[in-house]
Amino acid sequence: MSAPPLLMIPGPIEISDAVYDATCIRPKSHVAPDVIEAFGSALEAMRGIWLASADSTPFAVPGGGTLAMESAATNLVEAGERAVIVNTGYFGDRMGMMLERRGATVVHVRADVGEVPSLEAIEAALAEAPTKAIFATYVDTSTGVATNPKAIAALANKHGALSCFDGVCATAAERFEMEAWGADVFLTGSQKAIGLPAGIALWVCSPRAMAAREALSAAPPLTMDWLQWAPIMNAYIERRASYFSTPPTTLVWALAVGLKEILDRGADAAEAMEIRFAAHERAANAMRAAWASLGLTLLPTSTDHTAVTLSAIWYPEGVDASMLPKVKAAGAIIAGGLHPECKTKYFRVGHMGEVVYRPDDLLRTVRAVATGLAQSGHDADVDAAVAAAKAVLEA
Ligand code: PMP
């Protein structure tokens, strides 16, 4: 029997064997001593992976990345306050909708598909009027475009605004130094580069972000409220039982295993994260070498703002989404386009999480994509594409 196709969409992704094993347990109580220990250790590990300060507050709450986004929108900003969005696609639009529902005045700084707004344009938007918070998607999963959170956090600090970054397609893969960069919120979902199945929303808040919530005059909905969840998280960190809403104990169990795996690769969190960022960069470079050898063009217009977690690739002349089942039959499940302006014109391949340590899986994915392209009429040299990626992985 041949192996099942690899899950190479930009999330959910392939998970490690240890994480898989951890999900195969009998249900556990949320107040069981071993669950309390797992939850507490996972929250502590988040501070390490986020490169966040010891006085930051980590949250792991049942839900998806969208819930994490909405918690940020509703805890940082209230009616009448101004928010700036660095909008690079689909998820910037979504954040705008959430903030508008909250009654905020929303200013989008947009760029064409495949581009990022200039830092000058972002600064001009901040300078225009007092701004409560700036929101940016680190990696827009619809386009594969990466913004520059370090520079955006610095601009926010210069202009007295809070900064919030959607890391749903970035956290634990793209470099992010929460404390050193002075960022206020960095959020993600468990099904992306962090390497779990879907189901947990994860974010870390700076003390300043928590203070902003405390200062709100209108509280967010109860299940979004950081002040509701923070005592629960703090209890688990102190290894005490606590209850607000039942946590997904099986996923929390697996989360502790997965985050420990990430951190165990280095002597400390700083080293482990350098190793992780470098592994993602190498995998991305290998995939890009393969795409170049196949004569393909990426949506992001410059490698300066191309994500390491996925490739968004224009279909070559004469090829369309009918290629995707062919790629699957050849061994990898990949995704179609998502950006409303051009979603039928490109496809996406995820390369984040555990697969970056599995060269054979990356090469199998290249072979599957190249085979699908060849079967769709593109002049693709399958072996040359695989060799191009392999050369990078073995360098
Ligand atoms: N932001 C980004 C950048 C994403 O890629 C996604 C999911 N693809 C989300 C937010 C929303 O996450 P979820 O689907 O888990 O709600």
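Modeller: Let us begin with T141: an N or O atom in its side chain is 2.3 Å from an oxygen atom of the ligand. A polar contact is a pair of N or O atoms within 3.5 Å. This is a predicted model, in which local features need pLDDT of at least 70 and side-chain atom pairs pLDDT 80 or more, while totals for chains, interfaces and linings use all residues. Residues are numbered from 1 along each chain as its sequence is written, and side-chain values use heavy atoms, without hydrogens and water.

Colleague: Which residues come nearest to the ligand?

Modeller: A residue is near a molecule if one of its heavy atoms lies within 4 Å of it. Of the 13 residues around the ligand, G65, T66, T141, D166 and Q191 come nearest. For G65, a backbone N or O atom lies 2.8 Å from a ligand oxygen atom; for T66, a side-chain N or O atom is 2.5 Å from a ligand oxygen atom.

Colleague: Which element gives the most residues to this shell?

Modeller: Helices are DSSP runs of H or I with at least four residues, and strands are runs of E with at least two, numbered from the N terminus. The most comes from α3, with 3 residues.

Colleague: In what order do the strands of the open sheet lie?

Modeller: Two strands pair if DSSP finds at least two bridges between them. Here the order is β11-β14-β13, with antiparallel pairing. Between β11 and β14 there are 5 bridges, and A312 has R348 in β14 as its bridge partner.

Terms used
A polar contact is a pair of N or O atoms within 3.5 Å; within protein, one must be able to donate a hydrogen and the other to accept it, and residues adjacent in sequence count only if both atoms are side-chain atoms.
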